[in-house]
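Subject: Structure handover

Hello,

The structure is below, for your use. My notes on what was found follow it.

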Amino acid sequence: MSELPPLREVIAAHGLSASKALGQNFLFDEQLLSRIAAIPGDLSGKAVLEIGPGPGGLTRALLRAGARVTAIERDARCIPALAELSAAFPGQLRVIEGDALAEDHATVLGEPFHVVANLPYNIGTLLFTRWLGGETWPPAWQSLTLMFQQEVAQRIVAAPGSGAYGRLAVLAQWRSAAKLAMKVHRSAFTPPPKVMSAIVHVTPAEAPAGVTARVLERLSEAAFGQRRKMLRQSLKGVPGALEALETCGIDPQRRAETLAIGEFVALARVLS
Ligand SMILES: C[S@@+](CC[C@H](N)C(=O)[O-])C[C@H]1O[C@@H](n2cnc3c(N)ncnc32)[C@H](O)[C@@H]1O
């Protein structure tokens, strides 16, 4: 198993020149990849969903950690390279050629799973909002370990009062714990992207009672849609929101970015 060829040889052998359209920035440093695979904790025997395995660098690190990996990859050119990996780790890797946005991950996995992915930037935020949204909680996933552009990672873990605090932070933190697990320098990627990257680790927490995701998302959408405005202005279009501010003792002259997650939750509870 440790006799796998270096990743650069895999790329050369299968002609995997990086495609910009598919958001391909590959990682080759196997030490770095092992550190990423260790972020969720012990994965031995656990089910893992990887989106966009590409030539399989992160995939091998996950397999070496003992995970049972289901990998969804859109680029047909990568499938033969991944088949080699599957042969080297019998029974541990299932590769699905397809679009991760078109798959129902819970159904594909059929059991609780951890998500670990060096995501294509163009679909990263969309997948993230799908995993964190919706009324079904706890979700089918047990943790998310995801590479983002550093600026997006900072928005996910942002605290109130910072310019980065907004809808993504509320979505990621109202019933989950989100932390910045690792910064990754742009030079670690081939080709290097323009910006720095960072890995976010998210675990689900207990959902606050009496709050629907739909109402909470509607509130934060309205509040941060006009983030420079006072809440009495930005929440005008949300029926009952101005009364809810009063019920919760929240000054309507405040702005969205000063509201703690708990205050969004309190407002959503009144409106749910
Ligand atoms: C940033 S690269 C990461 C590759 C590899 N995991 C690594 O770390 O070196 C993103 C990968 O996602 C794949 N991809 C892009 N869009 C996808 C989609 N909609 N569904 C599944 N995979 C996709 C790309 O082909 C590429 O292999």
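Glu73 is buried, because 25 other C-beta atoms lie within 10 Å (buried means 20 or more other C-beta atoms within 10 Å of the residue's own, exposed means 12 or fewer, and partly exposed is in between, with C-beta atoms placed from the backbone). This is a predicted model, in which local features need pLDDT of at least 70 and side-chain atom pairs count only at pLDDT 80 or more, while totals for chains, interfaces and linings use all residues. Residues are numbered from 1 along each chain as its sequence is written.

Glu73 sits in strand β3 (residues 68-73); strands (E, at least two residues) and helices (H or I, at least four) are DSSP runs numbered from the N terminus. Apart from neighbours within four places in sequence, the contacts of Glu73 include Gly52, Val95 and Glu97 (contact means C-beta atoms, placed from the backbone, within 7 Å).

UniProt, in an unreviewed entry, gives the feature "binding site" at Asn25, Leu27, Gly52, Glu73, Asp99 and Asn118. Its positions are in the numbering used here, feature names are shortened, and annotations may be inferred rather than shown by experiment. Asp99 lies in the loop between β4 and α5 (105-109) and is exposed, with 12 other C-beta atoms within 10 Å.

On the sheet: seven strands form an open sheet with mixed pairing, in the order β4-β3-β2-β5-β6-β9-β7 (strands pair if DSSP finds at least two bridges between them). β4 (93-97) and β7 (176-184) are at the edges with a single partner strand each, so one side of each has no neighbour in the sheet. Strands β6 (residues 141-149) and β9 (residues 197-204) pair in the antiparallel sense over six bridges. Phe148 has Ala198 in β9 as its bridge partner.

On the domains: the assignment gives domain 1 (7-204) and domain 2 (213-271), with bounds from an automatic or database domain assignment. Their C-alpha centres are 33 Å apart. Twelve residues from domain 1 and 15 residues from domain 2 take part in the contact.

The largest nonpolar core has 78 residues, of which Leu62, Leu146, Ile156, Val200 and Phe264 touch the most other members (a nonpolar core is a set of buried Ala, Val, Leu, Ile, Met, Phe, Trp, Tyr and Cys residues joined through C-beta atoms within 7 Å). Helix α12 (residues 261-271) gives the largest share of this core, six residues. Both domain 1 (7-204) and domain 2 (213-271) contribute residues, so the core lies between them.

Regards

Conventions:
Contact = placed C-beta atoms within 7 Å.
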